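Trainee: Could we go through this structure together, one side chain at a time?
Mentor: Happy to, let's take a look.

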Amino acid sequence: MPANPELPGNREGTAPLMDRARQCVFLVSNDRETGGIWTYALRQKGVSVMLTSSFAEAMAKWVQYPCDLVLIDVCGPDLDGIELARRLRAEVVGPILLLTPNREESHLLEASRAGVDECIVKSAP
């Protein structure tokens, strides 16, 4: 049963598909192209996606649109994925995944302590 097909968040100007009968991923990506690729790929697999692009937007939308899984793919000085995970962990029951280019043990340990369930190390551009 559709929760609300008119949810905001799709950067192409159309409403994202949010159907609570399907699995839902709460995606935080501050890169427009990467966020679009993740959204497209997940929707092709039948997964609903709530896409956000900033720390403040993620915190505000999580309360309105909680999902089954959180996927954080952020980089840059204006958005710290570990801090976002730490803040969301108080509200999120499901898993939090963090994509990061940093493979240092101290970074991965800090993410784990912040409540990240799994770090996926990606290659840096």
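**Side chains and their partners**

Mentor: Let's start with Lys-61, which counts as buried because its relative accessibility is 10% (buried is under 20% relative accessible area, exposed over 50%, partly exposed in between, with a 1.4 Å probe and protein chains only). This is a predicted model, where local features need pLDDT of at least 70, side-chain atom pairs count only at pLDDT 80 or more, and totals for chains, interfaces and linings use all residues. Residues are numbered from 1 along each chain as its sequence is written, and side-chain values use heavy atoms, leaving out hydrogens and water.

Trainee: Which side chain meets Lys-61 in a salt bridge?
Mentor: A salt bridge here is a side-chain nitrogen of Lys or Arg within 4 Å of a carboxyl oxygen of Asp or Glu. At 3.0 Å, N to O, the partner of Lys-61 is Glu-57.

Trainee: Is Glu-57 buried, exposed or partly exposed?
Mentor: The value to judge by is a relative accessibility of 21%. Glu-57 therefore counts as partly exposed.

Trainee: How many salt bridges does the structure hold?
Mentor: Side chains of opposite charge can pair when their charged atoms come close. For this structure, the number of salt bridges is five.

Trainee: What kind of aromatic pair do Phe-26 and Trp-62 form?
Mentor: A search of the whole structure finds one aromatic pair (rings of Phe, Tyr and Trp, the last by its six-membered ring, with centres within 6.5 Å; planes under 30 degrees apart are stacked, over 60 edge-to-face, the rest tilted). For Phe-26 and Trp-62, with 5.1 Å centre to centre and 90° between the planes, the pair is edge-to-face.

Trainee: How many residues apart in sequence are the parts that this pair ties together?
Mentor: Phe-26 lies in strand E1 (residues 24-29) and Trp-62 in helix H2 (residues 55-64), so the separation in sequence is 36 residues.

Note on methods: Helix = DSSP H or I, 4+ residues; strand = E, 2+ residues; numbered from the N terminus.
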